[in-house]
Amino acid sequence: MLYFNGKILTDEGVKDTLFVRNGVIDSFCAPDGYEGERFDLKGRAMTSAFYDAHGHIAAFARSLAYVSLRDATSIEEIEFLLKNAATSGGVIIGFGYDSITPTKELLDAVSPLTPVIAAHSSGHMGVINSAAQKLFNVDKSELSEEEFMLLSSKIPESDATESAYLMDKAQQIYASNGYVLAQEGLASKSELDFLSRSRIYLDVRTFADMRRTENGRCDGYKIILDGSPQGKTAYLSRPYKGTNNYGHLAMSDDEVLEYMRKSRGKQLLVHANGDAAIEQFLRCLEKVPLHRSVLIHAQLIRQEQIERAVRMGVIISFFSSHTYYWGDAHIKNLGERARTISPLRSALDAGAVCTLHQDAPVTMPNMLETLCFAVERVTRGGILLGANERVNIEQAFCCATKNCAYQYGEEAFRGKIAAGCEANFIVLSQSGESIDATFLRGQKIYG
């Protein structure tokens, strides 16, 4: 296939022509006498496709069967949406509430007989009604992160037909946002079975939840050391503003060290948001060195911790969308510490290999949006959150492409448009604000 009449962003500068042979980039000119297939870029830009540094594509696919509460602006709207929702496995499930929290009483009003679950946008906490309490044998209606994740594992599975439909829809959304590789970053047997019932056409990498499975089929492992800053469960060295709450540490050092030893030979992802949880990770990593371990989120990482992480070869994957979606909450909960949430610029300046992610389904798998957030760092309320941590678009784009390929150990043939690399790229719209087409190994998977 010959791609022509475009602005092709390559390691060798901007080209107007690209030739792909057997799914691999061959050259930046047409072969002599070539009369085969052609793709007219019509002056649009072509660049490397995106790679999901951290997300949960199986959980995202399942969430598509639930009623979305993301855009609800009042408690009455949440009630209306849930009352008009279809059941999933005999349960009404709403996903994505944030600043407006439903109550048990509201969910009982939605249905006194049908179990109703409202999941926070983080996927780590939620509220259930009386019928759900009875069904799942739970005493509480407002569930913490650990309690809610345990309950989530008990939600009835979709059948093979629905699983395949949901996974196909999820992959379409990922591909429409320029992704050729997606991650299931907390896989138990349930997620792996869900994926096995589906037709997979994206590249998908799975990382086993070490608390629930050590499945050898997975590409690596995942452990969780704390919670989230917006939920005030990220583990901090200083308490949340105006409280005596330091957050929650999920594991002891001995447990972390044991999981690190077991993970050797495969990549380990480590969820740590608070600086005290990050300190635990670095402290344990000094005792059990690992190759290309990935620090996931790292919201409140301190400068000296960044420098130690660089020395130990840790890849830092930032959830930079936090600056927009929860920046105002971070200011309220953390005070001045919120200014350095997701310190991408400091990490890059220190020599860290950094990637960007959306943690779908926490937020949508929209990398173009994430790039804007990393560059602008403006909250929903219009506050500039840490001007010194802004990066330029070239730096942000590298974190979404080349550095992601490095995270997966595939930097030699992915993450860039260069001869000998896989033909994984996107075609941007004329405005550059959306994606017109996505190609995986030369095959169009969107557009």
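This is a predicted model: local features need pLDDT of at least 70, side-chain atom pairs count only at pLDDT 80 or more; totals for chains, interfaces and linings use all residues.
How many of the 9 residues of strand S12 are buried? The answer is 9 of the 9, so S12 is largely enclosed by the rest of the structure.

1. **Overall form.** The protein chain contains 16 helices and 21 strands. Its radius of gyration is 22 Å, close to the 22 Å that the globule rule gives for 447 residues, so the chain is as compact as a globular protein of that length. Taken along the principal axes, the C-alpha atoms fill a box of roughly 75 × 50 × 45 Å.

2. Of the 447 residues, 56% count as buried. Among contacts with a separation of 6 or more, 66% are made by residues 24 or more positions apart. The chain has an accessible surface of about 18200 Å², and carbon and sulfur atoms account for 49% of that surface.

3. **Charge.** There are 47 positive and 55 negative side chains in the protein chain. The centres of these two sets lie 2 Å apart.

4. **The parallel sheet.** An open sheet is formed by 8 strands in the order S6-S12-S13-S14-S15-S16-S17-S18, with parallel pairing. Strands S6 and S18 stand at its edges with a single partner strand each, so one side of each is left without a neighbour in the sheet.

5. **Strand S12 within that sheet.** With S6 (residues 50-51), S12 pairs in the parallel sense over 2 bridges, and Phe50 stands opposite Tyr179 in S12. With S13, S12 pairs in the parallel sense over 5 bridges; here Gln183 stands opposite Arg205 in S13.

6. **Helix H7 and its cover.** Helix H7 (residues 189-196) has Ser190, Glu191, Leu192, Phe194 and Leu195 buried. The elements that cover these residues include helix H1 (57-63) and helix H6 (160-176), together with strand S12 (179-187) and strand S13 (203-209).

7. Strand S17 (residues 315-318) pairs with S18 in the parallel sense over 3 bridges. Within this pairing, the bridge partner of Ile316 is Cys354 in S18. The loop between strand S18 (354-356) and helix H14 (367-376) holds Pro361. The peptide bond from Ala360 to Pro361 is cis, with omega near 15 degrees. As background, most peptide bonds are trans. A reader inspecting the model may wish to look at this bond.

8. **The mixed sheet.** Another open sheet has 5 strands in the order S7-S8-S9-S10-S11, and its pairing is mixed. Its edge strands are S7 (67-68) and S11 (142-143), each of which pairs on one side only. Strand S10 (residues 126-128) pairs with S11 in the antiparallel sense over 2 bridges, and the bridge partner of Gly126 in S11 is Leu143.

9. **Ser88.** Is Ser88 buried or exposed? Ser88 is buried, because its relative accessible area of 14% falls under the 20% cut-off. Ser88 sits in the loop between helix H2 (75-83) and strand S8 (92-97). Not counting residues up to four places away in sequence, Ser88 touches Ala65 and Tyr66. Tyr66 is 22 residues from Ser88 along the chain, and their C-alpha atoms are separated by 7.2 Å.

10. **Backbone angles at two asparagines.** Most residues other than glycine have a negative phi. Asn5 has a positive phi of about 60 degrees although it is not a glycine. Asn5 lies in strand S1 (residues 2-10) and, at 41% relative accessibility, counts as partly exposed. Asn22, which is not a glycine either, has a positive phi of about 55 degrees. Asn22 is placed in the loop between strand S2 (13-21) and strand S3 (24-27). With 77% relative accessibility, Asn22 counts as exposed.

Key: Residues are numbered from 1 along each chain as its sequence is written. Side-chain values use heavy atoms; hydrogens and water are left out. Helices (H or I, at least four residues) and strands (E, at least two) are DSSP runs, numbered from the N terminus. The radius of gyration is taken over C-alpha atoms; the globule rule is 2.2 Å times the number of residues to the power 0.38. Buried means under 20% relative accessible area, exposed over 50%, partly exposed in between (1.4 Å probe, protein chains only). Contact means heavy atoms within 4.5 Å. Accessible areas come from the Shrake-Rupley method with a 1.4 Å probe; for residues, only the protein chains shown count as cover. Lys and Arg count as positive and Asp and Glu as negative; His and the chain ends are not counted. The place of a charge is taken as NZ of Lys, CZ of Arg, CG of Asp or CD of Glu. Two strands pair if DSSP finds at least two bridges between them.
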